[in-house]
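Could you walk me through this structure in my viewer? I am new to it and would like to know what to select next and what is there.

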Amino acid sequence: MYFKQISTAVLVSALLAGVAHAEIANNRIRIGVLSDLSGIYEQNSGNGSVEAVKMAVEEFGGKINGATVEVLAGDHQNKPDVGASVANRWFDVEGVDMVTDLVNSAVAFAVVDVAKAKNKTVMLTSAGSADLTGKACAPDNSVHWIYDTYQMGKSMGLAVPQLGKKWFFITADYAFGIALEGALMNSIKPMGATVVGSVRAPLGTADFSSFVLQAQASGADVVAINNGGDDAINAVKAAREFGLQAKGIKVVALGLDSLPAIKSASLDVAQGGMYVTTWLPDMSPEAQAFTKKFIERRKTAPSTFQVGTYSAALNWLKAVQATNSKDPKVVLAWMQKQHFKDAFTNGGTLRPDGRMVHDVYLVQVKTPAESKSEWDMLKVIATIPGDQAFRPMADGGCPALKK
Amino acid sequence: MKMNFDKAGWIVLIVALLVAPWIFYPLLLVKILCYALFASAFNLLLGTCGLMSFGHAAFFGTAAYVAGHAAKVWGLPFEACLAVGVAAAAAVGAVFGYLSIRRQGIYFAMITLALAQLIYFLALQLPFTHAEDGLTSIPRGKVLGLFSLDDNIVLYYTTAVIFLAAFSFIYLVINSTFGQIVRAIRDNEMRAVSLGYDVNRYKLLAFTLSAAIAGLAGANKAIAFKLATLVDVHWTTSGNVILMTLLGGLGTLFGPVAGALVFVMLENYLADSGLPVQLVIGAIFILCILLFRRGVIGEIERLVLRRS
C-alpha cells in the first residue's frame, strides 16, 4: 500500500513535470479533521466539525483551481500517541495538507510537533491551551482560531462588574482546568474580586453535590464551574438542584458554552447561567444562515467549535485559492493580511504568532419564557473587543518569534 | 514438533521484520514493535510465571517519561536514554514486585493496579511530566551517534534490532533453568517450595525482568513518537496489554506479537474509518474469548501440532 502510494506519487510528479505551468501539487487538496469522534468531546466538536469542514469545502464546489478537495475524518480517541500516529500517516502516506479541529490540548501539542517536522499546516480550533501560541508556538505551521485559556480567563475578568466580587471555583483536576483557573484568578483579582474557595473535581465526575454544597457554604456570590463536556452538564444540574441561582448566586459555567450543550442540559437547568463565548447565532446574518443550514444537515445547532472549524477551513481554502499554494508559510502569510468576515467572525485578524484575534461576548442563557424558538437561547450582556480579550503577542513568549 | 513450530515462527518473524517497511508505513510498524515487546514482557510474567499484573503501564510509562526527559532536557544520546528508561522501570518494578508477590491471584492484580495508579497520579502532578499536556517535542537523536533517527526507515530498523534482541532474550529466559523453575512455581508453588527453592526470589526476579523489558518498550516508544503522555501510565494501557496478550495467545512465544499487531492495526486504521474504535475492539475481544480461547497463535499452534 505504502509502495503503491509512492509509485503513484512518482508517476504523478513525472506527468506534472511535462506540464509547463505551476499547479497545486498532486492536483489534490486533502484536509484531515482529527477529533474525538467517540468520547466526551464528541458533542462539541467530533462529527459536527467534520460536517462543518465539508460545508466549507462545498462552498468551493469541491474544487480549487482545478484541484479536488477531499476531507478525511480521524478519531484520536483522546490519546496523544494515536493522534500523532494518525497525523504522521496522514502527512506521509495519505498526502494530507492541513489538519484541523484537534480538541484536547495534549493531542494538539503532539500533532503541531509532527506538522512542524513535516512542514504542513495545522488549523487549531477546538484545542484550548494558550501555550499553543505561547511557549509551544509554531507560527510557520499552526494557527489558533477560536479561543484559548488566557482569553477565557481574561474576558471573564472584564465581566466582573456584571457578575460579582466573591468567587468560588469548582475546577476540573487536569491541566486545562487548572490553567484556566489560574488565568481566571489572575484576571478577576485586579478587577477587585476575591476567591473565597476552590475545589478540584476529577475528570468524569458524575455526582457534583458535595462540591456544590461546599460552594454554597462558602458565602460566594459567583460560582465558577470550570470544566467541559458532560462534566459541565452534571455540575450545572447539581447547582440547579441545590437552588444556587434561586438564592441569588450567579453561576458561571465556563464549559457549558455551546448551544447543543445547553440544549442537552435543558433551558430549565441552564437558565441564568453566564459565560463568555466567541460566537452566537444572532451575531450576523452569515451566522444565522450557517446555523440554519447546519441544523438542516445535523438536526442540531452548531457549537462554537464547529462554526469555528468551518471558518478556519473556509479561510484556509480561500488562502490556498488565492496563493495557488499549499505551502504553510505562503498560505499563512496571505492570511495575515486579511480581515475575516464569515459565519464565525466579524473582521477577525491573524497575528504573526498564529493567534486569530476576534471579538468575544459575555452572554446569559435565556429563561424558558424568554426563548422564542428552539435554538433561541442566548442574550448578549456585553461585547469585549478582541484586542482586550486575547493575550498581547509580546506576553506570549513565543520562542520562534524572537529569532 | 513444538521446536519446529517455534523455528518456523522465528523464520516468519525475521523475514517479516525485514520486508515489512517496504509494504507498510514504517512508523506504524515501529508502534507495533514497541507494543509487541511490551506485550511479550507482560507475557513473560503471566504466561511463564502465572502472575497476572494489572499495572504494567506503570513500567511502560515511567520509562517513557524518564527516557523522554533524558533526551529532551538532559540531552543524552539515544542509547543512554533507553538505558536510563530501562533502569527506572526496573527500579520501580523491583519495588512493586517486592510489595506485590506476597499475595496471589486477584489480590496480586489489585496491588499492582493500586501501585500503578500511584505512578499515574505522580505523573499527573510532577512538573517534569507536564501533566495533561504531556512531554512533547522529544528529540529522536542519532543511533550510535551516526545515523539520524528522524529518517523513518533508520528508526524502524533500529527498533527492529532492539525488539529482536529483547525478544531473543525473553526466549532464552523462558528456556533457561530459571525459566523452568519459574514454570514449576506457576504450576505448583508448594512443590517448588518443598524442593528447596526460594520462591519469592524467583518471582521477584521474573517481575523485575518483565518490568525492565516493558520499560525498554516504553522508552523506545517515547523517543520514536517524540512524546510521553498520561495515556502511557493510564490503567487502560495496562488493560490493553492484557488484551493484546490474550488476543494473540497467552503463554505462547509469538502470541503477544500477533496480538499487538492486530490491536495497533485496529486502533490505527479504525481511527479514520468512521467506526467507533473502542466498540469494535471490544467486540473482537469478546468473539476471540468465545471462539478461540487460546488466542490467534495458540489456535494455529494447536492445529499444526494436532495435524502432525
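## A stop inside chain A

Let's begin with one residue: select A:Ile31, which stands opposite A:Met98 in strand 4 of chain A. Keep in mind as you look around that this is a predicted model.

Next, colour strand 1 (residues 28-35) of chain A. Seven of its eight residues are buried, so strand 1 of chain A is largely enclosed by the rest of the structure.

Now bring in the partners of strand 1 of chain A. Strand 3 (residues 67-75) of chain A runs parallel to strand 1 and is joined to it by eight bridges. Strand 4 (residues 98-101) of chain A also runs parallel to strand 1, with four bridges between them.

## Out to the domains

Zoom out and colour chain A by its domain assignment: domain 1 covers 25-147 + 285-358, and domain 2 covers 150-277 + 363-389. The centres of these two domains of chain A, taken over C-alpha atoms, are 28 Å apart. Where they touch, 16 residues of domain 1 of chain A contact 16 residues of domain 2 of chain A. On the domain 1 side you will find six nonpolar, 10 polar and no charged residues.

## On to chain B

Finally, show both chains. Their contact takes 28 residues from chain A and 26 residues from chain B. On chain B, select helix 1 (2-23), helix 2 (26-49), helix 12 (255-269) and helix 13 (277-291), the elements that each give two or more residues to the side touching chain A. Helix 2 of chain B gives the most, with three residues. By class, this side of chain B has 13 nonpolar, seven polar and six charged residues.

How values were computed:
Residues are numbered from 1 along each chain as its sequence is written. Chains are lettered from A and ligands numbered from 1 in the order in which they are written. This is a predicted model: local features need pLDDT of at least 70, side-chain atom pairs count only at pLDDT 80 or more; totals for chains, interfaces and linings use all residues. Two residues are in contact if their C-beta atoms, placed from the backbone, lie within 7 Å. Ala, Val, Leu, Ile, Met, Phe, Trp, Tyr, Cys and Pro count as nonpolar, Asp, Glu, Lys and Arg as charged, and the others, Gly among them, as polar. Domain bounds come from an automatic or database domain assignment. A residue is buried if 20 or more other C-beta atoms lie within 10 Å of its own, exposed if 12 or fewer, and partly exposed in between; C-beta atoms are placed from the backbone. Two strands pair if DSSP finds at least two bridges between them.
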